[in-house]
Amino acid sequence: MNIVFFDIDGTLAKGTQIPPTAVNALHQLRLNGSIIFICTGRPYHYAYRHFYRYANGFITNNGRYAHMGCCEVLVNEPLQKQLIDTVIQTVTPQACIHFLGVEHGYFIGDQKKYEKDCEKYPDGWLLYGYHPEIPVYSFDLSYDRVDQITTLQEVLSDLCVLNPHGPHPSCDVTIAGFDKGDAILQVAERLGVPPENTYAFGDGKNDRCMLVKAGHGIAMGNGDPDTKAVAEYITTSIDEDGVANGLKHYGLIP
């Protein structure tokens, strides 16, 4: 049995749209008996809502939460209060913070930006202000200018790695100590699949840990240069049937 892990943005999909060749490849992959996991920095509600029909399970929040089937939680690593407090003290007012949980998230920052950002989430999902009673697993940052990410990475360098969202002045964050790669290993162990039977597809900075720790790391042709540098194999870009071609390279689909 094999498990294949896919990042979403820039790897499997653009926004919520998966290229038709990738949809067909995923269908063939499941028919051949492989297990498919989405492995993303996005929160669980987003990954499940848009991609549930394609996957057996989900690793979300950059590795800190993983869920399979109707109710099986495979990874559960919420952020500790001390880290949350440190991030709030360090980042504000340089950026707004979206702390992301499973049932809810909460927003620290300008209220007008909060009201606008609520449009990205289901009604009532994102709360305003600090809610320590809500377990959260990751956080995103949003700021005014794209170049601010350099300063933010410097002040957070001991805690995390920032993954910029292309031309948008925002990023998701991989927390030091547990990442997508660690989650891949834990999921594989829980499911009884040896590491050499794990495959990971990614394109961004937060995917490097996936590609290094999976048995086989595949970088997209449109990927970050540092991510490509650690890949076992570089497939074509998302617009050039990258998922299908990568799976064919390893004989996972015809």
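Is Lys 180 buried or exposed? I looked it up and found Lys 180 buried, at a relative accessible area of 0%. I take buried as under 20% relative accessible area, exposed as over 50% and partly exposed as in between, with a 1.4 Å probe and protein chains only.

Basis. The model is predicted, so I note that local features need pLDDT of at least 70 and side-chain atom pairs count only at pLDDT 80 or more, while totals for chains, interfaces and linings use all residues. Residues are numbered from 1 along each chain as its sequence is written, and side-chain values use heavy atoms, with hydrogens and water left out.

Salt bridges. I count a side-chain nitrogen of Lys or Arg within 4 Å of a carboxyl oxygen of Asp or Glu. This rule gives 13 salt bridges.

Lys 180 and Asp 207. I find a salt bridge here, with the closest N and O atoms 2.6 Å apart. Lys 180 is in helix H6 and Asp 207 in the loop between strand S12 (198-202) and H7, so parts 27 residues apart in sequence are tied together. Helices (H or I, at least four residues) and strands (E, at least two) are DSSP runs, numbered from the N terminus. Asp 207 is also buried, at 0% relative accessibility. Shared partners join Asp 7, Lys 180 and Asp 207 into one salt-bridge network.

Lys 14 and Asp 239. I list this salt bridge at 2.8 Å, N to O. The two residues are 225 residues apart, Lys 14 in the loop between strand S1 (3-6) and helix H1 (20-31), Asp 239 in the loop between strand S14 (233-234) and helix H9 (242-249). Lys 14 is partly exposed at 48%; Asp 239 is exposed at 58%.
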